[in-house]
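Please look through the sequence and the model shown here before reading on. The report that follows takes up the parts of the fold under separate headings.

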Amino acid sequence: MQSSAEFLQGLFGLDSQVAVVIGGTGVLGGALCDGLAGAGAHVIVAGRSQERGEARAAAIRDAGGSADFAPVDVTSRQSFEQLRDGAQSKHGHVDILVNCAGVNSAVPYEEISDDDWQRVLDTNLKATHLGCQIFAPVMAAQQSGGSILNIGSVTAHLPLSRVFAYSASKAAVNNLTKNVAREYAQQGVRVNSLNPGFFPAEQNRKILQPERVRKIMDQTPMARFGEPPELVGAALLLVAQNAGSFITGAEVFVDGGFTGMRF
């Protein structure tokens, strides 16, 4: 009989796999980088900030994992293509893509400028589209296939003030996820979305005033914010070839019960 370690490794282990994490320089993306590396993947930490990306990759290596940094402008098709080509040239394959780039515009609806609206859509939605469109064919051409994990949000499903552009973009991400999942379902590429609840990060700290925090806690049965490492378990389920082999087009919520709460 297998040991428990062997059993879990068979389900969730990512040894010899290459994972590209778009937005790996951020708080949530960084936690996912750590988790993927901990499961055995070589992680390409992709983002705009070389300083933060190199630091994340170095921390993973110091912890015994395998990682490097690659720059990417998530609003540029050419930059995505260069990232793909560089990963293939260096490693020969890409097994996992995580689309985790995200920004918010924390202003009342009537004050959102056209430029700010477009900035949010470009970073959250266009970047996810480019990642899927550019990396999915590569995975489909591989005998082993691949897995794409898009980061959605609970705000895609429930109205929340001061995150209008963000909510609209994340609703579109979840819809895009289902469509791309259907497109590649018979080509060995699974596509799912992970929908975090409230995890204090760079893009939402500006809107977390005390009264808003109280309302969020009232709506969250677990009555606390999430910690970034708490996303890792669900992420591994969705990207692991064995554990998640029959999961595609799914939305998984990690939100302390927020979306299940009704007054």
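## An enclosed helix

Which residues in helix 8 are buried? Val232, Ala234, Ala235, Leu236, Leu238 and Val239 are the buried residues of helix 8, where buried means under 20% relative accessible area, exposed over 50%, and partly exposed in between, with a 1.4 Å probe and protein chains only. Because 6 of the 8 residues of helix 8 (residues 232–239) are buried, this helix is largely enclosed by the rest of the structure. Its buried residues pack against helix 1 (4–12), helix 2 (27–38), strand 4, strand 5, strand 6 and strand 7, with contact meaning heavy atoms within 4.5 Å.

## Basis of the description

This is a predicted model, in which local features need pLDDT of at least 70 and side-chain atom pairs count only at pLDDT 80 or more, while totals for chains, interfaces and linings use all residues. Residues are numbered from 1 along each chain as its sequence is written, and side-chain values use heavy atoms, with hydrogens and water left out. Helices (H or I, at least four residues) and strands (E, at least two) are DSSP runs, numbered from the N terminus.

An open sheet is formed by 7 strands in the order 3-2-1-4-5-6-7, with parallel pairing; two strands pair if DSSP finds at least two bridges between them. Strand 3 and strand 7 stand at the edges with a single partner strand each, so one side of each is left without a neighbour in the sheet. On average, and with direction ignored, neighbouring strands of this sheet are turned by 20° against each other.

Strand 2 (residues 42–47) and strand 3 (residues 66–71) run parallel and are joined by 6 bridges. From strand 2 the chain passes through helix 3 (residues 50–62) to strand 3 in a right-handed β-α-β crossover, a term used if, with the strands pointing away from the viewer, the path from the first strand over the helix to the second runs clockwise. Strand 4 pairs with strand 5 (residues 146–151) in the parallel sense over 4 bridges, and valine 98 has leucine 149 in strand 5 as its bridge partner.

## Aspartate 68 in strand 3

Aspartate 68 is found in strand 3, where it stands opposite isoleucine 44. Its relative accessibility is 15%, so aspartate 68 counts as buried. Apart from neighbours within four places in sequence, aspartate 68 is in contact with His42, Val43, Ile44, Val45, Ala57, Arg61, Lys90 and His91.

## Helices on the sheet and against each other

Helix 3 lies across strand 2 and strand 3 and runs at about 170° to strand 3, where axes are lines fitted to C-alpha atoms, for helices over the stretch in contact, and angles run from 0 to 180 degrees between N-to-C directions. Helix 6 also packs on the sheet, touching strand 5, strand 6 and strand 7, and its direction makes about 160° with that of strand 6.

Helix 4 (residues 77–91) packs with helix 5 at an angle of about 35°, their axes being 10 Å apart. Among the residues that meet are Phe80, Leu83 and Arg84 in helix 4, and Leu130, Ile134 and Val138 in helix 5.

## Two aromatic pairs

A search of the whole structure finds 2 aromatic pairs; rings of Phe, Tyr and Trp (its six-membered ring) pair if their centres lie within 6.5 Å, and planes under 30 degrees apart count as stacked, over 60 as edge-to-face and the rest as tilted. The rings of tyrosine 109 and phenylalanine 164 have centres 4.8 Å apart and planes at 50°, so this pair is tilted. Tyrosine 109 lies in the loop between strand 4 (96–99) and helix 5 (114–141), and phenylalanine 164 lies in helix 6 (residues 164–184), 55 residues apart. Tyrosine 109 is exposed, with a relative accessible area of 53%, whereas phenylalanine 164 counts as partly exposed at 33%.

The rings of phenylalanine 198 and phenylalanine 258 have centres 5.0 Å apart and planes at 70°, so this pair is edge-to-face. Both phenylalanine 198 and phenylalanine 258 are buried.
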